[in-house]
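Here is a friendly walk through one protein chain, from its overall build down to a handful of residues. Please keep the sequence and the 3D view open as you read.

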Amino acid sequence: PLTPTPFIWMDGELVPWDDAKVHVLTPSLHYGWGVYEGIRAYATDSGPAVFRLREHIARLRDSARVYLMELPWTDEELISAVLELVRINGHESCYIRPIAYLGYGEMGVAPQLDAVKMSIAVWPWGSYLGDKAEAEGCRLIVSNWQRNSHQTVPPLAKATGAYVNSALAKVGALRAGYDDALMLTATGHVAEASAANLFLVRDGALVTPPVSDGVLPGITRDSVITMARDLGLQVTERSIPRSEVYIADEAFLTGTAAEIVPVASVDERPLGAGGVGPVTKQLRDLFRDVVGGRHDGYARWLERA
Ligand SMILES: Cc1[nH+]cc(COP(=O)(O)O)c(CN[C@@H](CCC(=O)O)C(=O)O)c1O
């Protein structure tokens with residue numbers, strides 16, 4: 001359940017949590033035409049810091065452009081709003097959820113595109129896949145729901161309505177007793193999990209599906225690619241046929257909510273020796289140091305609240 005925080009930012013105003021409401025005939029509620037972001041603020045020795053905030057706001061604007069939505073605020077205004085909201089809500093660490101949607105006024109499939117409204121909320125959000133998955137690795141099953149394609153619902157844009165695809169996969173996986181779903185493209189190549197990117201490790205080298213295979217260009221994915229290469233590891237972005245996952249030495253998921261979660265098995269095939277693989281552990285330990293402000297080499301990725 002959500003832990004309320006004192007204020008939500010709505011169109012430039014700070015609104016008490018319980019008053020942050022929209023009309024039931026808000027078209028984005030009915031048709032899914034909206035874009036959003038998932039960002040995290042982390043506790044550091046010098047207070048809360050937001051991880052790669054600028055990149056997240058830039059992706060929000062990219063998503064909005066795909067959906068013909070002009071955000072009524074500049075990147076700088078949104079960055080300031082996020083930092084102020086984290087500060088006044090008083091959390092050392094929290095999850096941050098900006099959303100741009102189409103406000104009340106007209107109904108119908110072709111929405112009123114100039115009615116763009118925005119809100120930003122924060123709340124404490126712990127382990128996305130649960131402590132057990134973090135410690136022992138998550139169990140994935142390949143979903144029988146195909147990942148959105150560039151020809152249907154563009155995976156490049158983080159649109160609200162796009163997530164029924166992820167939700168169908170995730171709910172199916174949970175009901176089958178798994179932690180999450182692995183989604184494939186129309187050609188049977190690996191895309192990503194329901195709300196996180198996937199990396200494989202084989203002979204010490206990392207492989208991850210390309211954006212052209214219908215993945216969200218994840219910011220955690222980008223961070224892991226950069227950190228891995230800085231560690232001297234080989235990282236390749238290429239199409240991965242489904243069965244190649246079964247023969248990986250290690251695999252892990254990356255996402256803002258998920259962070260870095262080891263994969264213990266896919267379709268009941270255990271990966272490597274099970275548990276947290278050495279490369280996964282090395283990258284997860286480094287990631288935790290970086291977001292905790294304990295690694296000067298990536299200070300550029302942290303914005304102090
Ligand atoms: C489909 C998908 N793929 C990859 C990622 C990882 O991207 P990034 O966070 O930039 O590293 C996310 C983030 N999923 C967000 C929403 C989760 C949710 O709504 O639940 C998140 O992790 O915040 C996705 O939703």
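The report below starts with the whole chain and then turns to single residues.

## About the model

This is a predicted model, in which local features need pLDDT of at least 70 and side-chain atom pairs count only at pLDDT 80 or more, while totals for chains, interfaces and linings use all residues. Residues are numbered from 1 along each chain as its sequence is written, and side-chain values use heavy atoms, with hydrogens and water left out.

## Overall build

The protein chain contains eight helices and 17 strands; these are DSSP runs numbered from the N terminus, with helices being H or I of at least four residues and strands being E of at least two. Its radius of gyration is 19 Å, close to the 19 Å that the globule rule gives for 305 residues, so the chain is as compact as a globular protein of that length. The radius is taken over C-alpha atoms, and the rule is 2.2 Å times the number of residues to the power 0.38. Along the principal axes, the C-alpha atoms fill a box of roughly 55 × 45 × 30 Å.

How much of the chain counts as buried? Of the 305 residues, 51% do, where buried means under 20% relative accessible area, exposed over 50%, and partly exposed in between (1.4 Å probe, protein chains only). Contacts (heavy atoms within 4.5 Å) tell us about the fold as well: among those between residues at least 6 apart in sequence, 69% join residues at least 24 apart.

## Surface, charge and cysteines

The accessible surface of the protein chain comes to about 13600 Å², and carbon and sulfur atoms hold 54% of that area. Such areas come from the Shrake-Rupley method with a 1.4 Å probe, and for residues only the protein chains shown count as cover. As for charge, there are 28 positive and 37 negative side chains, and the centres of the two sets lie 4 Å apart. Lys and Arg count as positive and Asp and Glu as negative, with His and the chain ends not counted; each charge is placed at NZ of Lys, CZ of Arg, CG of Asp or CD of Glu.

How many disulfides does a search of the whole structure find? The count is zero, a disulfide being a pair of cysteine sulfur atoms within 2.5 Å. Cys 94 is buried at 2% relative accessibility, and Cys 138 is buried at 0%.

## Two residues of helix α8

Helix α8 covers residues 278-291, and Leu 283 is part of it. Is Leu 283 buried or exposed? Leu 283 has a relative accessible area of 0%, so it counts as buried. Beyond its neighbours within four places in sequence, Leu 283 is in contact with Leu 206, Val 224, Met 227, Ala 228, Leu 231, Phe 252 and Ile 260. Ile 260 sits 23 residues from Leu 283 in sequence and 8.3 Å from it in space, C-alpha to C-alpha.

Asp 289 also belongs to helix α8. With 31% relative accessibility, Asp 289 counts as partly exposed. Leaving aside neighbours within four places in sequence, Asp 289 is in contact with Arg 294 and His 295.

Ile 225 lies in helix α6 (residues 219-230) and is buried, at 6% relative accessible area. Not counting residues up to four places away in sequence, Ile 225 touches Phe 199, Thr 208, Val 235 and Glu 237.

Gly 32 is in the loop between α1 (27-31) and β3 (34-36). Gly 32 is buried too, with a relative accessible area of 16%. The residues Gly 32 touches, apart from those up to four places away in sequence, are Pro 27, Thr 160 and Gly 161. Gly 103 is 71 residues from Gly 32 in sequence and 12 Å from it in space, C-alpha to C-alpha.

## Positive phi angles

Most residues other than glycine have a negative phi. Glu 259 is not a glycine, yet has a positive phi of about 65°; it lies in strand β15 (residues 259-266).

Asp 267 likewise has a positive phi, near 50°. Its place is in the loop between β15 and β16 (269-270), and Asp 267 is buried at 11% relative accessible area.
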